[in-house]
Structures are given as C-alpha cells and as structure tokens.
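Colleague: I would like to go through this model with you. Shall we start with its rings?

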Amino acid sequence: LSPGQQELGRHEENAHFLRAVTDMAGHLPVVTGDAIYTDKGIKLVDKGARVDQRLYERLVSHKLRDPIDANLITGDLVDVASLVTLARQQCEQVDLLHRMVASIGDIERLLAPLKSLLLPQAIAFKLTVMREQRSDLYHHSLQMTLVAIFLALKNGWTERECVPLATAALLHDVGMLYMDPVWTDPDHRLSGEERKHLVAH
C-alpha cells in the first residue's frame, strides 16, 4: 500500500473505533482526557469535552495527530479485579475452563498471572469499549487468556513467566474494535479491502 492508502486505512479504522466509543458513551460517559489536535496541529476539541454524536462527526472528518484512544477516558474502567472476578465465574460456568482448573488442581494458580497484569489507562479503555460494545469478544478474549495460561503452566512456565503471555492473549483481539463490525456477519462476503483489514488484525 502507498503511504496515502495506509493513512486512509488508519482513518477508516479510527472511524469504526470512534463509532463504538460513541455508542458506549450513550450509557457510560466518555470525555477527552486531553485536547485533541489535527495532524496539522489545529485544536479540534478541548480537554474534558464529552463524547457524543456531534463530536464523533467532527473527529472522523479529520486526520488526528495522536491515536484517539490515548485521549479518551471513562469511569468504570476494566481493571485487574474485575478481570479476576469474571475469570472465576467463567471457570465455574465454562466446561473447558472447569476441566482445566481440575487438571491443575488449583484455580488460584490459574488466576495468579491475571492478578499481576499491568493495565495502562489506554489499554484499560480499549478493554472497556470491548466489554461494553462487544461483550462476546471480551468474554472470548478472557477465556483464551486462561487457556494460554493453562497451557504455559502445563509446560512448566512459572506464574511470573505467564504474565506477559496473559497480557498478549487478553489483547489478541483488540484490533477487532477498529474493524467494520459487518465482517462478523456470517452471511457477509468480505471485500478485498475488508480482507486486508482482517489480515492486518
């Protein structure tokens, strides 16, 4: 792809992510944590502005200087405690996870790497968008994290060695937030451009 095509692709991806954020802002307030500037240095939005449909239209009509997700904040962010709570529930309710716990003999051993995760604000924000707007993807990502930890533990990794693995597994589908949700429809035939986005993800 030419630099111009790459830039257009990033702009379209931001539009999908911003759409998810704007939809989330309908029930969970989202504000700008910093002023947002165009790639030419023109201030578009002040710090503390509430994200809504009007702001969405303004942001998607410009190329931005910084990644949009670095400038947005909300309450009720995904945190380690909420991940551990959900992981415990999944280990009780999902048969595969229940069997994994039985195999290693201790749920705390499986959950220990999760308890050591570091979640910078920008990452926590993305996970919050996923939890609120794509809960199926959020639950799937956490389940795959537990599977990855289990496999690593069974292969002799220490709990500490599993922490970066758990982080990678948890975030393995975060790129889906930047893709057009239509591709998840089993009846939708992917266009060439959509296929490129999927491959990039």
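Modeller: Start with one definition. Rings of Phe, Tyr and Trp pair if their centres lie within 6.5 Å. Keep in mind that this is a predicted model.

Colleague: How many aromatic pairs are there by this rule?

Modeller: Apply the cut-off to the ring centres, and the count comes to two.

Colleague: Is the pair of F17 and F125 stacked or edge-to-face?

Modeller: The centres of F17 and F125 are 6.4 Å apart, and their planes make an angle of 65°. Planes over 60 degrees apart count as edge-to-face. So the pair of F17 and F125 is edge-to-face.

Colleague: How many residues apart in sequence are the parts that F17 and F125 tie together?

Modeller: F17 lies in helix α1, residues 3–24. F125 lies in helix α6, residues 121–133. The pair therefore ties together parts whose separation in sequence is 108 residues.

Colleague: Is F125 buried or exposed?

Modeller: Buried means under 20% relative accessible area. F125 has 0% relative accessibility, so F125 counts as buried.

Colleague: Is the pair of F17 and Y178 stacked or edge-to-face?

Modeller: Here the centres of F17 and Y178 are 4.6 Å apart, with 5° between the planes. Planes under 30 degrees apart count as stacked. So F17 and Y178 are stacked.

Colleague: Where is Y178?

Modeller: F17 is in helix α1, and Y178 is 161 residues apart from F17. This pair links distant parts of the chain. Y178 is in the loop between α8 and α9.

Colleague: Which residues form one aromatic cluster?

Modeller: F17 pairs with F125. F17 also pairs with Y178. Together, the cluster is F17, F125 and Y178.

Colleague: Last, Q133. Which residues is Q133 in contact with, leaving aside neighbours within four places in sequence?

Modeller: Q133 is found in helix α6. Q133 counts as partly exposed, at 26% relative accessibility. The C-alpha atoms of Q133 and V21 are separated by 8.2 Å, though the two are 112 residues apart along the chain. With those neighbours left aside, the contacts of Q133 are A20, D23, M24 and H27.

Terms used
Residues numbered from 1 in each chain as written. Predicted model: local features only at pLDDT ≥ 70, side-chain atom pairs only at ≥ 80, totals over all residues. Heavy atoms only, no water. Phe/Tyr/Trp six-rings, centres within 6.5 Å; stacked < 30°, edge-to-face > 60°. Helix = DSSP H or I, 4+ residues; strand = E, 2+ residues; numbered from the N terminus. Buried < 20%, exposed > 50% of the residue type's maximum accessible area, 1.4 Å probe, protein only. Contact = heavy atoms within 4.5 Å.
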